[in-house]
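I opened a new model today and kept notes as I went. Here is what I looked up.

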Amino acid sequence: MDVQIHLPSHVRVADDRDDETMINANVHLVTPGETITNDPQFMKGHGAYNDGDHTLVSSLGGVVDQINKLITVRPLRTRYSGAVGDVVVGRIVEVGQKRWAVDVNARQHAQLMLSAINLPGGVQRRKSESDELAMRTFFAEGDMLVAEAQSVPTDRSIALHTRSTKYGKLRNGCLVTVPPALIVRCKSHFHSLPCGVDVILGLNGYIWVAAHVAAPPAIDEADARVTAEALYSNQNDEIDVATRLNIARVANCIRALASHDLPVSDTMIMYAYEVSLAYDQPAELLTASNARDVATQAQLMVQQSME
Amino acid sequence: MVNPLISPAEAQYITSGVLADVRADGRKRTQFRDLVLETGVLANASGSCRLQLDGTDILVGVKVDVDQVDQDALNCGRFECSVDCAPTAAVSLGDTRSLDDVNTEWTQLLTRRFTRNALAGIDLTQLCIIPESTCWVVYIDAVVLAVAGNVADALFLAVKAALATTTVPATTLVDLADGEQDFEVVDDPAAAKPIAGIADLPLCVTINKIGTRHILDATLLEEQVASARIFVFANPDASVAHVQKSGSGGIEPSLLREMTRTGANMASLLHHRLAETLKLEAEQADLAKKTGTQVKKWGFFA
């Protein structure tokens, strides 16, 4: 039993990415209210507005993007904006009429329609009134799920669907939240790491870290029904201590990467995991200096592998 | 308490993790997260502190002011506390009612420890300026900027650190002709004195009961799963000053004893660590003074 109380000067070191690299990277950073340009030829896009006749002013803190004559500001910290086909991890916040409201770290709750889910047993039919009454047996308030963005209507409320065996309720693990901009878009967002941990990298910045569950191939109809019923189960499988420690280690590695603004992808997580094995206990990664060590070393390994 | 949503599977994962002594972030049951603390962050306050416990973020400002003495304690000063939680501190604090509830709960928790009876270790007559007339009132105002669990422990630690760096200006009494007295505040800041006895102010350690076991320094989700919790207020020598229980679940007598002891030991450790950190900070400030430089305050950039 011990506890450390640090002074900020001991745990927060000045960022060594100095101003010079920022200037060399040719990045135009602006703060809210800062004038971007006085040139009348440019048009305002997202995150910019006209102040007076020709002055273009930023409404966000972020990076200026220019496409021909259009100027937009990409915010540094933002909520998830949603795009069709994105894999997102979310939490049910409300059960409504024929739909669920899902928290996906966006500006508004996403919608999951009753017609956009798979029924247990995999039966294909129109959803009836009795299905409507049984909605809480599928998803109740607080449940975690992984889904795909089906459409993004003009009001930016994302419509989700879970009509694939990949999607559905989440169990056997815990949630790690990172800024959505850090999630690297790639072919698959479902990863089984070699250490026996499954990771679902939601593009909305919610990451589900869980024990690896081998999906048994459905051989006959009875089997298919069992798998489908497990789809909406709230019961965790038996998880041994070694797996729990591995889940904690992966989760802490992701936190370490995110706290140092490093991209989160399966390779980054694996590099961080390998580096983190130098520390006996996963909880040691919660210490700021150890987290920094893991993050910087993982970054080095990625740079080396690219050369 | 702040009530986030949690799924049954997450709750079960946490409960079985506590039983296996591997919590969701890999900590053991009695393991505390690291704290980061800085005092003197508010220029206009008599004493201040910002404390971060992982994602929990608390700012405390202490202000001493002159007021009339209480009629039932004519020679004593007093403390007044308020806790204000930012609406953005947690997602579940969106509506005003739950925000009011947590503000009231935390203000009461703090106020209860700063009544005249609870403050037996501090000589309140030191805050009296003119007996039976005027005294110093120490206003403790805490703002909870972000919540990631275990607010109570962080709150008391931050308040104690802020009070430890609080100075009360010196006063001189002036005799008016008709037997009345008045006072003048001495302008010299070097004459201002710290409040005596703050070092012995009890600290709070919250122990949550999850399943059949108890844990220290719970995260927000762990607090949600806990069936009962006790707040143990203990002195530096690990003697218990006050225990308060909350939550709907029961605690077995034998477990209660174990929980109280765990809490008291942890509180004692926190006392020592806080004293060390404050001493280190004071030494840095002294050194800077001698060399004629200024210690860089991190403030909101910490």
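The entries below go from the ground rules to the interface, then to each chain.

**Ground rules.** I am working with a predicted model, where local features need pLDDT of at least 70, side-chain atom pairs count only at pLDDT 80 or more, and totals for chains, interfaces and linings use all residues. Residues are numbered from 1 along each chain as its sequence is written, chains are lettered from A and ligands numbered from 1 in the order in which they are written, and side-chain values use heavy atoms, with hydrogens and water left out.

**Interface of chains A and B.** I started with contact, meaning heavy atoms within 4.5 Å. By that rule, 42 residues of chain B touch 41 residues of chain A. I then looked up the buried area, which is the accessible area (1.4 Å probe) that two parts lose on being put together, summed over both. For chain B and chain A it is about 3500 Å². Carbon and sulfur atoms give 62% of that area.

How many salt bridges cross the interface of chain B and chain A? I found 2. The term means a side-chain nitrogen of Lys or Arg within 4 Å of a carboxyl oxygen of Asp or Glu. Glu10(B) and Arg91(A) form a salt bridge through their side chains, at 2.7 Å from N to O.

Helices (H or I, at least four residues) and strands (E, at least two) are DSSP runs, numbered from the N terminus. Helix 5 of chain B has the largest share, with 11 residues.

**Helix 5 of chain B.** I checked its length next. Helix 5 covers residues 253–291, and at 1.5 Å a residue its 39 residues should span 57 Å. The expected span is 1.5 Å times one less than the number of residues. The end C-alpha atoms are 57 Å apart, so the two agree. Gly292(B) follows helix 5, with a positive phi near 80°.

I counted 22 salt bridges over all chains. One of them joins the side chains of Asp54(B) and Arg33(B), at 3.3 Å from N to O. Asp54(B) sits in the loop between strand 2 (47–53) and strand 3 (56–68), and Arg33(B) in the loop between helix 1 and strand 1. The pair links distant parts of the chain, 21 residues apart.

UniProt, in an unreviewed entry, places "domain: RRP4 S1" at residues 79–151 of chain A. Its positions are given in the numbering used here, feature names are shortened, and annotations may be inferred rather than shown by experiment. I read that stretch as 12% helix and 36% strand, with end C-alpha atoms 18 Å apart.

Last, I looked at Arg136(A), which lies in helix 4 (residues 135–138) of chain A. Leaving aside neighbours within four places in sequence, Arg136(A) is in contact with Val95(A) and Glu141(A). Its C-alpha atom is 37 Å from that of Pro75(A), 61 residues away along the chain.
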